[in-house]
Amino acid sequence: MSLKLGVPSKGRLQDQTVDWFAERGVTLERSGAGREYAGRVDGVPGVELALLSAAEIPRELAAGRLHLGVTGQDLVREGVPRWFDALDELAPMGFGFADLVVAVPAFWIDVDDMSDLDAVAADFRSRHGHRLRVATKYHRLTREFFRKAGVADYQLVDSQGATEGAVKNLTAEAVADITSSGATLRDNHLRILSDGLILRSQATLFASRNANWSDADRDALDDLRRSLGLPV
């Protein structure tokens, strides 16, 4: 058996991951051609490459089916309960930056922070007969953030599409969404609350604590760490 490294299977995140390893003398190569979702790692013996969606990698790491994986911190913290018991962060990679934020309609000029949102939520229910709706893909992180901010009178609305369009489409009154520049939120006439930052995220190399680590796997990890310039 080989140490299994999971990396994103497509898109810009895959390209940046390949470049990050290559800059450190480690080449990631897909096996065969076309839709083959396995590969090899040149420069470090005993490491096998698995190509998965970035969203699948946290689950596979937590289950121990991957030893290592590259994915977003937001996906790990959302997808893996008590992630710090299951995973170790080996290296933030300096790309894939995104913020998870709370945003409200731009015309809510009196709503600047989470305490203002709490007041609006209480008033909203008395006026409309249902809780203020917050659209998000990040239920765990949003719920915890709202709890710490003391906001209780709301409901989460699942959004697996374009979350920033939920307010315009009248399916929510606010959103908790991922953004890199804020431009898409502004284009949809949304404004980030002054204290509405839930999480700053970037692509990170994680190690699974739940994987079956043989002595050969640990040796391969040490070799990979040396090649990447990480502490052993």
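This is a predicted model: local features need pLDDT of at least 70, side-chain atom pairs count only at pLDDT 80 or more; totals for chains, interfaces and linings use all residues.

Me: What makes R82 count as exposed?

Reply: Its relative accessibility is 54%. Exposed means over 50%, so R82 gets that label.

Me: And what is there to say about the phi of R82?

Reply: Phi of R82 is near 45°, a positive value, and R82 is not a glycine. As background, most residues other than glycine have a negative phi.

Me: Where is H189, and what is its phi near?

Reply: H189 lies in the loop between α7 (183–187) and β11 (190–201). Phi of H189 is near 60°, again a positive value in a residue other than glycine.

Me: How do you know whether H189 is buried or exposed?

Reply: Check its relative accessibility, which is 58%. The cut-off for exposed is over 50%, so H189 counts as exposed.

Me: Now S159. Why is it called buried?

Reply: S159 has 10% relative accessibility. Buried means under 20%, so S159 falls on the buried side. As for its place, S159 is in the loop between β9 (154–158) and β10 (174–179).

Me: What makes the link between S159 and T163 a polar contact?

Reply: Their side chains are joined at 2.9 Å. A polar contact takes a pair of N or O atoms within 3.5 Å, where one must be able to donate a hydrogen and the other to accept it. The 2.9 Å pair of S159 and T163 counts as such a contact.

Me: Which residues does S159 touch, leaving aside neighbours within four places in sequence?

Reply: S159 is in contact with A135, T136 and K137. Contact here means heavy atoms within 4.5 Å.

Me: Let's step back to the whole protein. How many helices and strands does it have?

Reply: The protein has 8 helices and 12 strands. Along its principal axes, the C-alpha trace spans about 65 × 30 × 30 Å.

Me: What share of the residues counts as buried?

Reply: Of the 232 residues, 47% do. The accessible surface comes to about 11700 Å², and 48% of that belongs to carbon and sulfur atoms.

Me: What about contacts between residues 24 or more positions apart?

Reply: Those account for 68% of the contacts with a separation of 6 or more.

Me: And how far apart are the mean positions of the positive and negative charges?

Reply: The 28 positive and 34 negative charges have mean positions 3 Å apart.

Key: Residues are numbered from 1 along each chain as its sequence is written. Side-chain values use heavy atoms; hydrogens and water are left out. Buried means under 20% relative accessible area, exposed over 50%, partly exposed in between (1.4 Å probe, protein chains only). Helices (H or I, at least four residues) and strands (E, at least two) are DSSP runs, numbered from the N terminus. Accessible areas come from the Shrake-Rupley method with a 1.4 Å probe; for residues, only the protein chains shown count as cover. Lys and Arg count as positive and Asp and Glu as negative; His and the chain ends are not counted. The place of a charge is taken as NZ of Lys, CZ of Arg, CG of Asp or CD of Glu.
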